[in-house]
Amino acid sequence: MVLTLREPPEEKEETVVKVEIVPEQQTVTNPQTILLRVFRYNPKAKRDEPRMVTYRVPMSKGLTVLDALLWVKENVDNGLSFRYSCRMGICGSCGMLINGKPSLGCETQVAELGTDVVEVGPLTNYDVIRDVATDFTDFFSHHSKIKPYLIRKENGEGTRIERELLQTEEQKLEFYQFTMCIMCGLCDAACPIVGMDKDFLGPQALAQAYRFGIDSRDQGWPERAEVVDSPHGCFRCELAGSCSAVCPKGVDPGLGVQLLKRQVLRRKVAHRV
Ligand code: SF4
Ligand code: SF4
Ligand code: FES
């Protein structure tokens, strides 16, 4: 049986959605369609419960999971909630669990998944706002804590740098891969430590701390050291490596965290602190 959503509730009504049961024969695999099983839940609706709802979506060449969700929103249930913007792997907004793996909806083609049923849910380690949309407040807060920008003592934080700061190719390559981060948060969704410790800065923020700390133009280490070397900083990482396995941009945040540990220790030895 497939449950198809017909009448999305008004949030004010605080009622559980009504479902219509689609006849059994329509659930048989059809190469022209796919079944999309989507997590539905509105935490603000008192009587709502987390559940999976299945939709039949027309298959087409190049169909992405985000396209399939948009089709459902436009044709079946405009109350379905998820986040997206660029639809081209740049903005980092469309992170979601696809068949259990943190992925970008706009970069994941249904045909490449190799399954007739595609399961979509909210990213793990984030609170659900509604359905597939999750709350990134902690993620952005951790990112801002590591001061993700160049700090120069000569000008003071936040002021303009008046002269060109030259850098060799080797110096640039020390941090270059980490500049590819689009802040999609998939790495934090995959990290078991983020799941256990909400205050752990997480692989994204820590890799960015390394990115700025190793930049030859930056002079902000003293301001970041206290945060990255805290009980919720880089030494909380247990080197599971799952963060790097899911990054859609080829960044290796797990490596960034390990290099950051080395950076902290080297500076401690150098300054005897
Ligand atoms: S490191 Fe990769 S997975 Fe993590 S936020 Fe950046 S782009 Fe996303
Ligand atoms: S390597 Fe560290 S930051 Fe990355 S998933 Fe593992 S514990 Fe988390
Ligand atoms: S919609 Fe921007 S990365 Fe997917």
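**Entry 1: around ligand 2**

I began with the shell of residues around ligand 2, which divides into 9 nonpolar, 3 polar and 1 charged. My classes were these: Ala, Val, Leu, Ile, Met, Phe, Trp, Tyr, Cys and Pro are nonpolar, Asp, Glu, Lys and Arg are charged, and the others, Gly among them, are polar. This is a predicted model, where local features need pLDDT of at least 70 and side-chain atom pairs count only at pLDDT 80 or more, while totals for chains, interfaces and linings use all residues. Residues are numbered from 1 along each chain as its sequence is written, and chains are lettered from A and ligands numbered from 1 in the order in which they are written.

Which residues come nearest to ligand 2? I found 13 residues around this ligand, with Cys191, Pro203, Cys237, Ala240 and Cys243 nearest. A residue is near a molecule if its C-beta atom, placed from the backbone, lies within 6 Å of it. Helices α9 (242-246) and α10 (253-271) each give at least two residues to this shell. For the element names I used DSSP runs numbered from the N terminus: helices are H or I with at least four residues, strands are E with at least two.

**Entry 2: around ligand 1**

Next I looked up ligand 1, which is surrounded by 13 residues. The closest are Cys181, Cys184, Leu186, Cys187 and Cys247.

**Entry 3: the whole chain**

I then stepped back to the protein chain, which has 10 helices and 9 strands. Buried residues account for 33% of its 273 residues. I called a residue buried if 20 or more other C-beta atoms, placed from the backbone, lie within 10 Å of its own, exposed if 12 or fewer, and partly exposed in between. Of the contacts between residues at least 6 apart in sequence, 66% join residues at least 24 apart. A contact puts two C-beta atoms, placed from the backbone, within 7 Å.

**Entry 4: helix α7**

Is α7 enclosed or open? 12 of its 12 residues are buried, so α7 is largely enclosed by the rest of the structure. Among the buried residues I noted Pro203, Leu206, Tyr210, Arg211 and Phe212. They pack against α3 (137-145), α5, α6 (192-196), α8 (221-228), α9 and α10. From first C-alpha to last, α7 reaches 16 Å, close to the 16 Å expected at 1.5 Å a residue. That expected span is 1.5 Å times one less than the number of residues.

**Entry 5: the sheet**

I traced an open sheet of 5 strands in the order β4-β3-β7-β5-β6, with mixed pairing. Strands pair when DSSP finds at least two bridges between them. β4 (51-58) and β6 (101-104) stand at the edges with a single partner strand each, so one side of each is left without a neighbour in the sheet. The twist averages 35° from one strand to the next. Helix α1 (residues 65-75) packs on this sheet, touching β3, β4, β5 (95-98) and β7 (117-121), and its direction makes about 95° with that of β4. Axes are lines fitted to C-alpha atoms, for helices over the stretch in contact, with angles running from 0 to 180 degrees between N-to-C directions.

How many bridges join β3 to β4? I read 8, in the antiparallel sense, with β3 spanning residues 33-40. Val38 stands opposite Val53 in β4. β5 and β6 also run antiparallel, joined by 4 bridges, and Gly95 stands opposite Leu104 in β6. Their hairpin has 2 residues between the strands, and Asn99 there takes a positive phi near 50°.

**Entry 6: single residues**

Lys147 has phi near 55°, a positive value in a residue other than glycine. This lysine lies in the loop between α3 and α4 (169-173) and is partly exposed, with 18 other C-beta atoms within 10 Å.

Met183 also has a positive phi, near 60°, and sits in the loop between α4 and α5. Met183 counts 19 C-beta neighbours inside 10 Å, so it is partly exposed.

Last I checked Gly195, in helix α6. Leaving out residues up to four places away in sequence, Gly195 touches Thr124 and Asn125. Gly195 and Asn125 are 70 residues apart along the chain, yet their C-alpha atoms are separated by 5.1 Å.
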